[in-house]
Amino acid sequence: MLSPTPLCLFCALLLCLPLAVIITITSPTTTVHDGSGHNLVPDLDPPPKTQQRFSSKPLPLPLHDDDSLFRVASRVNSKLPPGSPKKIAFLFLTISPLPFAPLWELYFNQTPKDLFNVYVHADPSYPYDPPFSGVFAHRVIPSKPALRFTPTLASAARRLLAHALLHDRSNYMFVLLSASCIPIHSFDFTYKTLTRSKKSFIEILNNEVGSYDRWAARGKDSMLPEVTLENFRIGSQFWSLTRKHAKLVVGDKVIWAKFNQPCVVWDTCYPEENYFPTLIHMRDPRGAVPATLTHVDWNGSFDGHPRMYVESEIGPQLISRLRKDEPRYGDDGTNGSDSPATKQRRGFPFLFARKFSPESIQPLLRIANAVVFKD
């Protein structure tokens, strides 16, 4: 029997090479790291049975392509992995350094690392010197400019949700925070409050002053027919969403297309305060407690910004007062929402507060363990 010559073997290898290239395709992932330097592969829901199944996996996605990012994030598995503790995803949306990073470091150091994740959307048009460090190191997602009076702030929040969904299947509640937010309870208190809830916490207000002007900010009737004035809602930019609602947000195209339009009247354009409450109201109002758990004081507001607490105001009395205040509850999509039973279910505390001046960090650190983190 003749044995194959080296030339024959080489020719056979060349014939097989194209097939090997075709079937070698990698799966999509996100660039957020878990702290160990490894990328985490998203756990996707299987496609519906009516779709054709392919033996090869899709090509890697360009993470700066929001449409592709949201499409993949909306397909992640809805269920938490069995035996894994629930995690809180802390989503920091900032256009500046984080002046309260030392306070947050103390806050997160109170608890095991397997109970939370941190994600930062940092406007790339601003300098960050010194760079993010500690618990915020390597937590910045691919970010884009975020400006007031435009849809870009809402886009940034959606981007944070998408990366958090893709990064860790154990993320149960998604909390949006700003650079001027601080915690006003211990991590343990906050964790128990959020993970024991099956509902989101998002302010959903109806018939507010200026609702029509906000609804018509993109032009008269530009929101129709998808978003009528009757369905239009207003609420705080800062919320805590369940995994179900996080997927709802990143998977939404119809309502987002309306809010993603440029405004023709800029000073009534606040998509970040209108899109999320309107979407939840229209899609799943009973799945939310219609209140924010982030305290804010609009008395003495200026240029659309709430009151800012300064260094001289920081003390145990302020923290105590913020805790004692009650959230404002809005429209939960049910009849008889002011019944005694409903009011009894509304005894939720504020967990965070804003806005604080950067100079407030030192007095806050001095009372952190004895006051802020002592429940």
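Between which strand and which helix is the loop that holds Asn 207 found? Asn 207 sits in the loop between strand 5 (200–201) and helix 6, where helices are DSSP runs of H or I with at least four residues, strands are DSSP runs of E with at least two, and both are numbered from the N terminus. The model described here is predicted, so local features need pLDDT of at least 70 and side-chain atom pairs count only at pLDDT 80 or more, while totals for chains, interfaces and linings use all residues. Residues are numbered from 1 along each chain as its sequence is written, and side-chain values use heavy atoms, with hydrogens and water left out.

**The protein as a whole**

The protein has 13 helices and nine strands. Of its 375 residues, 50% count as buried, a word that stands for under 20% relative accessible area, with exposed meaning over 50% and partly exposed in between (1.4 Å probe, protein chains only). The protein exposes about 18900 Å², of which carbon and sulfur atoms supply 59%; the areas come from the Shrake-Rupley method with a 1.4 Å probe. Among contacts (heavy atoms within 4.5 Å) with a separation of 6 or more, 82% are made by residues 24 or more positions apart.

**Backbone features**

Most residues other than glycine have a negative phi, and most peptide bonds are trans.

| Site | Feature | Value |
|---|---|---|
| Phe 149 | positive phi | near 65° |
| Asn 207 | positive phi | about 55° |
| Leu 224 and Pro 225 | cis peptide bond | omega about 0° |
| Arg 354 to Lys 355 | cis peptide bond | omega near -5° |

Phe 149 lies in the loop between strand 2 and helix 4, and Pro 225 is found in the loop between helix 6 (211–215) and strand 6 (240–242). Asn 207 counts as exposed because its relative accessibility is 68%. Lys 355, in the loop between strand 9 (352–353) and helix 12 (361–366), counts as buried because its relative accessible area is 15%. Leaving aside neighbours within four places in sequence, Lys 355 is in contact with Ser 180, His 305, Pro 306, Arg 307, Met 308 and Tyr 309.

**A buried arginine**

Arg 139 belongs to the loop between strand 2 (116–122) and helix 4 (152–167), and with a relative accessible area of 6% it is buried. Although Arg 139 and Val 118 are 21 residues apart in sequence, their C-alpha atoms are 6.4 Å apart in space. A polar atom of the Arg 139 side chain lies 2.8 Å from the backbone oxygen of Val 118.

**The largest pocket**

Rolling a probe the size of a water molecule over the atoms shows where empty space is left. A pocket is an open set of points on a 1 Å grid over the protein atoms alone, where a 1.4 Å probe fits and protein lies on both sides within 12 Å along at least five of seven lines; lining residues have an atom within 4 Å of a point. The largest pocket is lined by 49 residues, of which Gln 237, Glu 273, Trp 298, Pro 306 and Arg 354 lie nearest its centre. Strand 1 (87–94), strand 3 (171–178), helix 9 (271–283) and strand 8 (294–295) are the elements that give two or more residues to this lining.

Technical notes
A polar contact is a pair of N or O atoms within 3.5 Å; within protein, one must be able to donate a hydrogen and the other to accept it, and residues adjacent in sequence count only if both atoms are side-chain atoms.
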